[in-house]
Amino acid sequence: MTRTIDNTTRSLFNENAHKQDNAFKVLYFKVHAMGGNIRAILAASGAKWECAFPKDWMNEEKKTTLFGVLPNLFETTTTGETIEVAESDAIENYLCKKFNLLGVDAFDEMKIRAFSSSIQSLSNFVLIKIGGMKDPDVKAAMRTQFIESLVPRFATYHERHLEANGRNGHYVGDKLSYADIKLVVLLVTIFSFTGETQINKQVTPAIWAVWEKVNAIPSYAKWIKSEEYQGIVDGNLQLLGY
Ligand SMILES: N[C@@H](CCC(=O)N[C@@H](CS)C(=O)NCC(=O)O)C(=O)O
């Protein structure tokens, strides 16, 4: 039977909402898709965290999740209680607030959310219209649209916004944000379709500065070099084709 969100956990949740030293577990499949940003946020923030993968999704985990889908976040407090957050948007938002990834004021947050939303549109296109497309002809047409139209348009607009912030490796101010992290996750996907033909140090130096800055964060660099990350890259290729 499907559970609901337990209202008796309100005070535990609220007390821990801004605590960064808890331990986190991301339950998701061996693909980037809707778990990629969550893992990247935790990695870039230097959190104590681990990946978990369903063991028998249809017969076990699916029946106990809040919506019958993944990702799910589990947070263990320093006194051993567990907090659960479901749904990718809610998880990402929760972690961004916890790890101060939404800028210094409401204006910064509006900008970061605008950039993030624009990035998400491209990620959704790839996941739904290419990865999830069964018809090979439609899939090929979507792939062409992505490479020839969406990526160049994205690169032009985002390069302009990043240039306006001083080409310093950040979308907003001089601080790591949600948008910086999401961009780097999307770039991994873009590179798997185009290589570095459209986005590179010479043509899009401001986008490249974000790529270099996030990849240089020691905890993030450790994550993307890990065997577990490589296993997810392989899983993505096998299941979604990119
Ligand atoms: N609205 C959900 C969608 C999650 C979702 O669609 N997850 C898919 C994988 S990307 C899933 O769990 N599929 C397995 C199933 O439906 O049994 C979110 O944003 O977290």
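UniProt, in an unreviewed entry, places the feature "domain: GST C-terminal" at residues 105-233. In the predicted model, this stretch is 76% helix and 0% strand. Its end C-alpha atoms are 35 Å apart.

The protein chain is divided into domain 1 (7-98) and domain 2 (106-240). The C-alpha centres of domain 1 and domain 2 lie 23 Å apart. Across the boundary, 13 residues of domain 1 are in contact with 19 residues of domain 2. On the domain 1 side, α2 supplies the largest share, six residues. By class, that side has eight nonpolar, four polar and one charged residues.

In soluble globular proteins, nonpolar side chains tend to be buried together. Here, the largest nonpolar core holds 49 residues. Within this core, I41, L42, A44, V184 and V210 touch the most other members. Two or more residues come from each of β1 (23-27), α2 (36-44), α4 (88-98), α5 (106-131), α6 (136-164), α7 (178-194) and α8 (205-215). The helix α7 gives the most, with eight residues. Both domains take part: the core draws at least three residues from each of domain 1 and domain 2. The contacts of V210 were also listed. Leaving aside residues up to four places away in sequence, V210 touches L162, G169, H170, D180, L183 and V184.

A ligand is also present in the model. The residues around the ligand are A33, M34, K62, V69, L70, P71, E87, S88 and D89. By class, this shell has five nonpolar, one polar and three charged residues.

Terms used:
Residues are numbered from 1 along each chain as its sequence is written. This is a predicted model: local features need pLDDT of at least 70, side-chain atom pairs count only at pLDDT 80 or more; totals for chains, interfaces and linings use all residues. UniProt positions are given in the numbering used here, feature names are shortened, and annotations may be inferred rather than shown by experiment. Helices (H or I, at least four residues) and strands (E, at least two) are DSSP runs, numbered from the N terminus. A nonpolar core is a set of buried Ala, Val, Leu, Ile, Met, Phe, Trp, Tyr and Cys residues joined through C-beta atoms within 7 Å. A residue is buried if 20 or more other C-beta atoms lie within 10 Å of its own, exposed if 12 or fewer, and partly exposed in between; C-beta atoms are placed from the backbone. Domain bounds come from an automatic or database domain assignment. Two residues are in contact if their C-beta atoms, placed from the backbone, lie within 7 Å. A residue is near a molecule or strand if its C-beta atom, placed from the backbone, lies within 6 Å of it. Ala, Val, Leu, Ile, Met, Phe, Trp, Tyr, Cys and Pro count as nonpolar, Asp, Glu, Lys and Arg as charged, and the others, Gly among them, as polar.
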